[in-house]
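The sequence and the structure are shown first.

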Amino acid sequence: MDGLDTGDPVDFRGVEFTASLTEELQQAIVRCSAFGEALFTRCHFLAPIDFKRFGFQGATWFDDASFESADFTHAVFHESACFLRATFNSSVTFQSATLGKAANLSRARFKGEANFSTLERWPSLNFDECIFEDFATFEMSNLDNASFSKTQFQATRFRGAAFINQPYFRNANFSDLANFEGVNFAKGANFRYSKFPNGGIFAETIFDGLAMFSGARFGKLSVFTGVKFQNEADFSGAVCQGGISFKGSQFADLFHGPISARDVNLGYAHFERSVRFEVSTRNLVLARATFLAAATFSVRFAKVFLTDVHLSSPLTISSHRHQFTLGDQVVPDPEAGDLNPLSKVFQLAGVNAALLVLNDVDVSQCSFSGAYHLDQITLEGECRFATPPRGIQWGRSIVPLRRWSPRKTLRDEIYWRSRRSTKDLERKGWDAGDGNTDEPPSAQNVAAIYRQIRKAFEDGSNEPGAADFYYGEMEMRRRSENVSRSERGLLHAYWALSGFGLRASRAVTWLLIAMTVTIVLMMGWGLPDHLAKQTATGVISSPGSETTLMIEVPKQHLYLPFDERWTLSRLERSGRVVVNSVIFRSSGQGLTAPGIWIEMISRFTEPILLGLAILAIRGRVKRS
């Protein structure tokens, strides 16, 4: 090698570089500073080799070569460089190396650390089907065209790198954490069917082109916080077992799903275009997200958190009851245990409900307190609300037992009863059960929430569905501290007699009790011994002349002994009197003086109870 000079071509194909021969080559490298065309195909370097700052002026071939350790720091490849199927048994570095044309490292094997950081504008880089058995870094590199299809990585870092054209990571496998933080994909990136068993970090990454993650698999939590998706984002069929976070990300174009993830965090995200987001997850966080166009979230299993969401167009949250499909493939659900596919909505504080549509969701644990324009919220399909405690509750009270009638109940009332109600029996069975330490809303505020949701149902031509919310509104007014005693007394009476005009059975029960009492009073004191006969007296003049008769109605008396007043005949007469007075508004029966007063009271009170029963039935069946 003593005769080698700068720019000379070299042909070492098949040479085994022992320690001594490697030393000779190293001296030639130092002396020449550059080779012309270099052929190192099938070479075996048994000792470390240093090409630091060396130049390769012609095409360079290291096909099927093996290296003990190699250093190409600041090396310059003026033409193409081929490391096809090369093996690096220890560490190798190409840090800040320069490439004139293409570099082919496909099927290469890196058994030690591989450093490709700060590469400058490599026109073409092919790592297809490579195997990195140790840490690999491409930090701050500037690459035109790069392909890593079917490449197997351990821990890898691309932090701060820039890809001028779309890189291909299709079917790549990142066995350890993959770090793409701050990478700029000028024309998007292809990660279709890639695998990230230990998750991936894409924080602050920029996708100016199409971001393709369809069919990708993420094991642990994957971080896409602060990402800018300037083009479409395709995550169709992606599965994230450890969850995925898009917190603070910007979506300037469409988002393609469906995706499956343990948790999905879209808090503080920014959506500029209309989006349809299909997701199967246990938790979906949309807190403080911004939607500038209409958005639809079709969700399975999820607990959806909507606190302080900013809406400029309608946002629809809808439950998806069946597994998502992509073509003929079924997108697997996350490990949801025995969770119901019906999604649950939590926390609407700070949301403009006029632009919110909830379809087939569970709002039994949703707090509506703090939301705006609740009277314009749209609730469609089977929206499931909480219900009062079942069975009979016992406690300390004047009436020591209570049975709550079934109705749709807001979480805010449950929270108020469990935390602020002063009566033991009013709290019993109403368990908030979520460890929430926030101050519960007042009864007056809960009544206002009920009133607004009732109006939303009525405006949606669902007045029977609004009945429960009217009941809740009146119940909270009855418990409010801001209601006067007289009004509270009236509300108590309204509740006790007919359940605020919504419990027909209660009104009918009171009506039957009142009629029974009236019948008893009639039998005991209202009916006389016998119906007195009317007599007419007067002088009959000659035919054709005027005759004057005086009709005498004798007074009705009751002289029967007390124990003889309770007969079937008197029961029948009393029942006829009461029914006629309540329903037909006339009795036509002779009554004693007490009987007249009993009938007057009956004709005043019992038709009211009958009217309340009819009102309750109408409230449940009427149409708008």
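The model is predicted. Strand 37 (residues 233–234) runs parallel to strand 41 and is joined to it by 2 bridges. In this pair, alanine 233 lies opposite phenylalanine 255 of strand 41.

**The chain as a whole**

The protein chain contains 9 helices and 58 strands. It has 624 residues, of which 49% count as buried. Of the contacts between residues at least 6 apart in sequence, 31% join residues at least 24 apart.

**A second open sheet and phenylalanine 77**

Another open sheet of 4 strands has the order 3-7-11-15, with parallel pairing. Its edge strands are strand 3 (34–35) and strand 15 (98–99), each of which pairs on one side only. Strand 11 (residues 76–77) and strand 15 run parallel and are joined by 2 bridges. Valine 76 is placed opposite threonine 98 of strand 15.

Strand 11 also holds phenylalanine 77. Is phenylalanine 77 buried or exposed? Its relative accessibility is 2%, and the cut-off for a buried residue is under 20%, so phenylalanine 77 counts as buried. Leaving aside residues up to four places away in sequence, phenylalanine 77 touches Phe56, Thr60, Phe72, Phe83, Phe94, Thr98, Leu99 and Gly100. The C-alpha atom of phenylalanine 77 is separated by 9.0 Å from that of alanine 103, and these two residues are 26 apart along the chain.

Helix 2 (residues 411–419) is largely enclosed by the rest of the structure, because 8 of its 9 residues are buried. The buried residues are Arg411, Asp412, Glu413, Ile414, Tyr415, Trp416, Arg417 and Ser418.

Helix 2 packs with helix 5 (residues 463–479) at an angle of about 25°, and the two axes are 12 Å apart. Angles under 35 degrees count as roughly parallel, so helix 2 is roughly parallel to helix 5. The crossing of helix 2 past helix 5 is left-handed. Helix 2 contributes Glu413, Trp416 and Arg417 to the contact, while helix 5 contributes Glu475, Met476 and Arg479. By class, these contact residues are 2 nonpolar, no polar and 4 charged.

**Helix 4 against helix 5**

Helix 5 also packs with helix 4 (residues 443–459): their axes come within 8 Å and cross at roughly 165°. That angle makes helix 4 roughly antiparallel to helix 5. Helix 4 passes helix 5 in a left-handed crossing. On the side of helix 4, the contact is formed by Ala443, Val446, Ala447, Tyr450, Arg451, Ile453, Arg454, Phe457 and Glu458. On the side of helix 5, the partners are Glu463, Gly465, Ala466, Phe469, Tyr470, Gly472, Glu473, Met476, Arg477 and Arg479. The residues of this contact divide into 10 nonpolar, 2 polar and 7 charged.

**Helix 7 against helix 8**

Helix 7 (residues 504–526) and helix 8 (residues 568–582) have axes that come within 9 Å and cross at roughly 130°. These two helices are therefore oblique to each other. Their crossing is right-handed. From helix 7, the residues Leu511, Met515, Thr518, Ile519, Met522 and Met523 take part. They meet Arg570, Leu571, Ser574, Gly575, Val577, Val578, Val579 and Val582 of helix 8. This contact has 10 nonpolar, 3 polar and 1 charged residues.

| Contact | Residues by class |
|---|---|
| helix 2 with helix 5 | 2 nonpolar, no polar, 4 charged residues |
| helix 4 with helix 5 | 10 nonpolar, 2 polar, 7 charged residues |
| helix 7 with helix 8 | 10 nonpolar, 3 polar, 1 charged residues |

Technical notes
Residues are numbered from 1 along each chain as its sequence is written. This is a predicted model: local features need pLDDT of at least 70, side-chain atom pairs count only at pLDDT 80 or more; totals for chains, interfaces and linings use all residues. Side-chain values use heavy atoms; hydrogens and water are left out. Two strands pair if DSSP finds at least two bridges between them. Buried means under 20% relative accessible area, exposed over 50%, partly exposed in between (1.4 Å probe, protein chains only). Axes are lines fitted to C-alpha atoms, for helices over the stretch in contact, and angles run from 0 to 180 degrees between N-to-C directions. Angles under 35 degrees count as roughly parallel, over 145 as roughly antiparallel, 65 to 115 as roughly perpendicular and the rest as oblique. A crossing is left-handed if the near helix is turned anticlockwise from the far one by less than a right angle, and right-handed if clockwise. Contact means heavy atoms within 4.5 Å. Ala, Val, Leu, Ile, Met, Phe, Trp, Tyr, Cys and Pro count as nonpolar, Asp, Glu, Lys and Arg as charged, and the others, Gly among them, as polar.
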